[in-house]
Amino acid sequence: MRRTLALLAIVFGVPMLEGALAPFLPAAFRPDLPLLVVLALALAWRNTATGLVLVAMCGFVVDLFSGALLGQHALLSVLAFAAARALSQHVSMIGTLPQIVFAAGLTAVHAIGVVGLTTFFTPGADLALLRPGVVLPRVAVNALIAPTVNALGAALVAWASGEETGRRPLRIATRSWVP
Amino acid sequence: MTEIRSRVLLAGLTALLAGFALVNMVVDRRALAQGGRELSWWSGLALDIAVPIQKFVAIPFEIARGSWSDYIALQGVRRENGDLRTKLAESEDENLQLREALVASGRLDRIAEMREEFDVPMLRADLVGLDASTWFRSVLIDRGRNHGVHSGMPLISELGVVGLVTATSRNAAKGMLLLDRQSAVSAVVQRSRDRGVVRGTGDGLVFEFVGRDADVAPGDVLITSGLGGVFPKGLRIGVVGTVEEVSAKLQREATVDPVVDFGRLEQVFVMLRRSPTMDLLYATDGGDQPDPAPAAKSGS
């Protein structure tokens, strides 16, 4: 039950929250919550396969709730999750500074991805959105919010997995040792 | 060995999901290019389920905004009220003079014709949410195909043009705002009748027009030209802000302040009749033909 609630909160809740925030904050200064949640899940979600499916679904819901082509954010979310997951296995993401730096980099690459795909698929669109004045505020806001979202994501994952660990018997592999 | 197998499986899953997303993008792009964009059953169902929940999610934010606008931000309202009354009196005076001028020039008949042109059944729709991505400018409305809403229908407010319906499900629809970078509307300067295109920049609007001799000045009102067949002629778009100086370039630009305050938009009207051009463009085998009758009966 907890796991289902957590999944629904991530898949539907985050894009809805982003949409609800939209009237209050200018786009440039609005944290990209779906992207930050992808990063948080990449760091906290245990099973990589279900994490990939989860962020893909979340991306599709963002596409559904936005003017993007269906699949655009889903594709970028999957790639962002895979990249963050791979990097987190080689570089320590514990601590605020690494998370800030990684969120900043991920936001910049994500911006290039969104604008690039839009330009590629939409006749007449151009890359003018990739001006520093447009991208840098987004990078700064996401970088500042990322540690908080990561902490909330970790708490949500821990809460959701609590039920499972409570029910599932703990198995410890034992091996006989002969001197 | 197990780890290698697991890595290969994960790489395969990533490729599968990315491929599925990419195929969806191509299909969606093709659907948009062909005009009609009725969402597939699963995405339409997701949207129909999500729209009422989105309304619920937005309630605390609406309360917060209402408190701000109804109490805290009302401190200067008395002075603003006085200013508005003065402006209203000036406008009424100006209106009277213009009517006299119109009668004199014999253009009242034309205005009556335009009014008939605008006599289109309209459906009131509530805005459920704004774009869930920071890179696009779209809205979700709580009316869909069951209410007669179809892709290609204009969205307007009492002030002017809001955007265009781009995708529909049974009980919801998605509209692209004028501000979106993919939006372009053929416009004309109401005073000088110079033509151009109003494009969205993401955060605002620009008016692109051709000609060194074009007569475009700050304060000019831009209205839809009717060319392109999407919006009927004469809907207000915005007011010209700053105009680019004449240079060697053939094309000039002017910033435009939209007449619609997109940040405070709560309701829109869907014009339930598409122009013949749009009907041709949006004609599909699946019957994406608008049928205004049921919506008109719904009392809006």
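A crossing of two helices is called right-handed if the near helix is turned clockwise from the far one by less than a right angle, and left-handed if anticlockwise. In this predicted model, the crossing of H3(A) and H4(A) is right-handed. The axes of these two helices come within 7 Å and cross at roughly 150°. Angles over 145 degrees count as roughly antiparallel, and H3(A) and H4(A) are therefore roughly antiparallel to each other.

Chain A has six helices and zero strands, and from the N terminus on its elements run α-α-α-α-α-α. Of its 179 residues, 46% are buried. Among the contacts in chain A with a separation of 6 or more, 69% are between residues 24 or more positions apart.

H3(A) also takes part in packing across the chain boundary. It packs with helix H1 of chain B, residues 2-33, at an angle of about 10°, with the axes 10 Å apart. Since angles under 35 degrees count as roughly parallel, H3(A) and H1(B) are therefore roughly parallel to each other. In this contact, Thr48(A), Ala49(A), Leu52(A) and Ala56(A) meet Leu10(B), Leu13(B), Thr14(B), Leu17(B) and Ala21(B). The contact has seven nonpolar, two polar and no charged residues.

The whole interface involves 40 residues of chain A and 38 residues of chain B. On chain A, helices H1 (2-21), H3 (48-64), H4 (72-88) and H5 (96-121) each supply at least two residues of the side that touches chain B. That side has 28 nonpolar, eight polar and four charged residues.

Chain B has both kinds of element, with six helices and twelve strands. Of its 300 residues, 35% count as buried. Among contacts between residues at least 6 apart in the sequence of chain B, 59% join residues at least 24 apart.

Some of the strands of chain B form a closed barrel. Its six strands run in the order E1-E2-E5-E4-E3-E12, with antiparallel pairing, and the twist averages 45° from one strand to the next. E1 (residues 122-130) and E12 (residues 267-271) are joined over five bridges in the antiparallel sense. Within this pair, Asp126(B) stands opposite Gln267(B).

Another group of strands in chain B involves E11, residues 251-258. Six bridges join E11(B) to E8 (residues 205-210), and the two run antiparallel. E11(B) also pairs with E10 (residues 236-243), in the antiparallel sense over four bridges. Which residue of E11(B) is the bridge partner of Leu205(B)? The partner is Val256(B). Val256(B) is also the bridge partner of Val240(B).

Methods: Residues are numbered from 1 along each chain as its sequence is written. Chains are lettered from A and ligands numbered from 1 in the order in which they are written. This is a predicted model: local features need pLDDT of at least 70, side-chain atom pairs count only at pLDDT 80 or more; totals for chains, interfaces and linings use all residues. Two residues are in contact if their C-beta atoms, placed from the backbone, lie within 7 Å. Ala, Val, Leu, Ile, Met, Phe, Trp, Tyr, Cys and Pro count as nonpolar, Asp, Glu, Lys and Arg as charged, and the others, Gly among them, as polar. Two strands pair if DSSP finds at least two bridges between them. Axes are lines fitted to C-alpha atoms, for helices over the stretch in contact, and angles run from 0 to 180 degrees between N-to-C directions. A residue is buried if 20 or more other C-beta atoms lie within 10 Å of its own, exposed if 12 or fewer, and partly exposed in between; C-beta atoms are placed from the backbone. Angles under 35 degrees count as roughly parallel, over 145 as roughly antiparallel, 65 to 115 as roughly perpendicular and the rest as oblique.
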